[in-house]
Amino acid sequence: MTADAKILSALRGAGGTGLSPAMLTERTGLGAVALARRITELRALGYDIESTPHLGYRLLGSPDVLHADDLLARLPARRIVGRDVQVFQQTSSTNDVAEKLARDGVAEGVVIFAETQTKGRGRLGRKWLSPTGQGLWFSVLLRPALSPVSITQLTVAAATAVARAIRLETGLVPQIKWPNDILLGGKKVVGILTELSAELDRVRYVIIGIGVDVNVTDFPAELRDVATSLAAEAGKRFLRAEIAAAILRELDADYARVVRGEFAALAEEWERQCITLGRRVVIHIGDRKLTGRAEALDSDGALLLRGDYGHLERIIGGDVTLEK
Ligand code: BT5
């Protein structure tokens with residue numbers, strides 16, 4: 001842990017009680033001079049750190065900025081997802097940054113955030129809007145020992161984890177639309193883009209890119225009817241670092257479940273929140289158009305579609321429209 005992460009984590013742990021300079025020095029292992037310097041820097045970043053002779057240091061407020069040390073300080077000690085966190089002010093796409101790290105041989109678990117993306121993307125080259133400072137635009141690098149056909153398990157795990165984190169942090173009740181959308185009130189609030197590099201029977205790495213509209217208030221006209229944000233649904237803004245940390249904690253837990261082979265339990269939680277299953281759907285896959293009833297997930301995370309003539313088809317990707 002970096003010095004800033006240690007300070008923030010110690011202060012957060014102490015809550016309203018505060019910590020004397022001596023205790024903070026002891027908890028962080030920093031000397032008094034270094035500690036004072038770091039506190040000045042953190043205040044300059046917008047952290048409201050009070051210091052009084054009586055209560056010592058207290059963290060009264062955090063700014064709505066993404067700061068790698070702050071995010072690290074909010075994560076559990078033992079973890080894979082969020083092992084390392086990097087924050088960029090601007091990138092083309094966080095998936096591109098993560099991919100470069102993957103090719104350089106960086107270990108799994110690193111998470112790349114950007115305050116904005118100039119080329120945020122969805123599936124099939126679609127654009128992903130990433131307004132500065134208003135959402136969470138990030139990518140997680142993973143190296144699971146899964147076969148390429150099972151990779152949809154990770155998209156399902158990611159959607160389940162993000163939906164759970166949103167529920168826990170905001171009280172809102174998200175719905176999942178197979179394979180990669182999370183909706184609130186029928187509008188998209190999260191998009192997930194899973195990209196992988198694989199050989200025939202072995203995954204080299206997977207990058208899970210996640211976009212969460214946290215405090216986006218002003219969507220462009222073409223998205224207004226289809227997109228929403230946590231703030232718009234809850235009627236109040238959220239501190240992005242809190243939502244981010246909750247998502248990383250849940251992602252870490254669910255990634256561990258997939259790696260341990262406990263996908264079935266995860267899929268049950270997913271199915272309870274899924275609005276696709278049991279519905280008549282139209283699925284576009286490239287030029288193909290399929291219609292039928294979305295019946296279930298299979299053990300790899302693929303969607304089983306019961307076609308109009310009774311046959312069962314296994315779908316691993318595509319654009320789903322729910323029929324009324
Ligand atoms: C997705 O694609 O939903 C995957 C989006 C993944 C975005 C993350 S952000 C971090 C990482 N870095 C990236 O470059 N990407 C990932 P798809 O299912 O194809 O949906 C794309 C469609 O969603 C667009 O065509 C728009 O209609 C809509 N859309 C674009 N921006 C949006 C936003 N901010 N909120 C809600 N909907 C949006």
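**Pockets, a helix and a serine**

Modeller: Gladly! In this predicted model, S8 supplies the largest share of the lining of the second largest pocket, namely four residues.

Biologist: What makes a residue part of the lining of the second largest pocket?

Modeller: A lining residue has an atom within 4 Å of a pocket point. For the second largest pocket, 21 residues line the space, and Arg 123, Thr 194, Ile 316, Gly 317 and Gly 318 lie nearest its centre. Helix H6 (152–170), S8 and strand S10 (280–285) each give two or more residues to that lining. The pocket's volume is about 490 Å³.

Biologist: How do you know where the second largest pocket lies relative to domain 2 and domain 3?

Modeller: Domain 2 (68–273) and domain 3 (280–322) both contribute residues to its lining, so the pocket lies between them. The largest pocket, with about 1100 Å³ of space, is lined by 47 residues, and the closest to its centre are Arg 126, Trp 128, Asp 181, Lys 188 and Val 226. Its lining also draws on both domain 2 and domain 3, so the largest pocket lies between them too. S8 gives the most to this lining, with five residues.

Biologist: Why is H6 called largely enclosed?

Modeller: A residue is buried when its relative accessible area is under 20%. In H6, 16 of the 19 residues are buried, so the helix is largely enclosed by the rest of the structure. H6 reaches 27 Å from its first C-alpha to its last, close to the 27 Å expected at 1.5 Å a residue. Just after H6, Gly 171 takes a positive phi of about 80°.

Biologist: And why is Ser 139 called buried?

Modeller: Ser 139, in strand S5, has a relative accessible area of 0%. The cut-off for buried is under 20%, so Ser 139 is buried.

Biologist: What makes the pairing of Ser 139 and Asn 95 a polar contact?

Modeller: The limit for a pair of N or O atoms is within 3.5 Å. The side chains of Ser 139 and Asn 95 are joined at 2.5 Å, and the side chain of Ser 139 also makes a polar contact with that of Thr 94, at 2.7 Å.

Key: Residues numbered from 1 in each chain as written. Predicted model: local features only at pLDDT ≥ 70, side-chain atom pairs only at ≥ 80, totals over all residues. Heavy atoms only, no water. 1 Å grid on protein atoms, 1.4 Å probe; cavity = no way out; pocket = protein on both sides within 12 Å on 5 of 7 lines; lining within 4 Å. Points joined across faces, edges and corners; volume = space filled by probe spheres on them. Domains from an automatic or database assignment. Expected span 1.5 Å × (residues − 1). Buried < 20%, exposed > 50% of the residue type's maximum accessible area, 1.4 Å probe, protein only. Polar contact = N/O pair within 3.5 Å; in protein donor to acceptor, adjacent residues only side chain to side chain.
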